[in-house]
Amino acid sequence: MKSVEYVAEIEELLEESPITAPSVAVDVRDLLAAGEFALAFDTMCSWVYEDDLSISEEYYERLVRLSVDLGSRDLIARMRELVSG
């Protein structure tokens with residue numbers, strides 16, 4: 001995947017995420033701008049997990065696919081418990 005594809009995918013996941021804190025979105029976008037795609041992805045996922053935010057099965061599957069490239073597989077596996085009907 002190319003840099004622009006990572007940025008687009010993480011941006012889209014961020015927009016669709018249940019995260020409501022504007023400061024988290026700013027942090028993730030700052031990391032994307034700095035080219036820190038894996039860290040941006042991990043930061044976004046960590047906030048979803050730590051705040052125990054509900055996610056859809058489709059959203060979770062998208063996280064799983066992106067984690068193949070960007071890491072955070074253990075975190076993503078734990079996030080399975082956040083999937084709601």
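Modeller: Start with a cut-off: a residue counts as buried when its relative accessible area is under 20%. Keep in mind that this model is predicted. Now apply the cut-off. Ser-72 has a relative accessibility of 19%, so Ser-72 counts as buried. Where is Ser-72? It sits in the loop between α4 (57-70) and α5 (73-78). Leaving aside residues up to four places away in sequence, Ser-72 touches Phe-41 and Asp-42.

Next, the helix pair α2 and α3. Helix α2 covers residues 22-33, and helix α3 covers residues 37-50. Their axes are 7 Å apart. The packing angle is about 165 degrees. An angle over 145 degrees counts as roughly antiparallel. α2 and α3 are therefore roughly antiparallel to each other. Their crossing is left-handed.

Which residues make this contact? From α2 come Val-24, Val-28, Leu-31 and Leu-32. From α3 come Phe-37, Leu-39, Ala-40, Thr-43, Met-44 and Trp-47. Sorted by type, the residues of this contact are nine nonpolar, one polar and no charged.

Now turn to α1 and α2. Their axes come within 11 Å and cross at roughly 180 degrees. That makes α1 roughly antiparallel to α2. On the α1 side, the contact uses Val-7, Ile-10, Glu-11, Leu-14 and Glu-15. On the α2 side, it uses Ala-25, Val-28, Arg-29 and Leu-32. Here the residues divide into six nonpolar, no polar and three charged.

Last, the aromatic rings. A pair of aromatic rings is described by the distance of the centres and the angle of the planes. How many aromatic pairs are there? The count comes to one. The partners are Tyr-6 and Phe-37, with 5.7 Å from centre to centre and 25 degrees between the planes. The pair is stacked. Tyr-6 lies in helix α1 (residues 3-16) and Phe-37 in helix α3, so the pair ties together parts 31 residues apart in sequence. Tyr-6 and Phe-37 are both buried.

Notes
Residues numbered from 1 in each chain as written. Predicted model: local features only at pLDDT ≥ 70, side-chain atom pairs only at ≥ 80, totals over all residues. Heavy atoms only, no water. Axes fitted to C-alpha atoms, helices over the stretch in contact; angles between N-to-C directions. Helix = DSSP H or I, 4+ residues; strand = E, 2+ residues; numbered from the N terminus. Parallel < 35°, antiparallel > 145°, perpendicular 65-115°, else oblique. Left-handed = near helix turned anticlockwise from the far one by under 90°. Contact = heavy atoms within 4.5 Å. Nonpolar A, V, L, I, M, F, W, Y, C, P; charged D, E, K, R; others polar. Buried < 20%, exposed > 50% of the residue type's maximum accessible area, 1.4 Å probe, protein only. Phe/Tyr/Trp six-rings, centres within 6.5 Å; stacked < 30°, edge-to-face > 60°.
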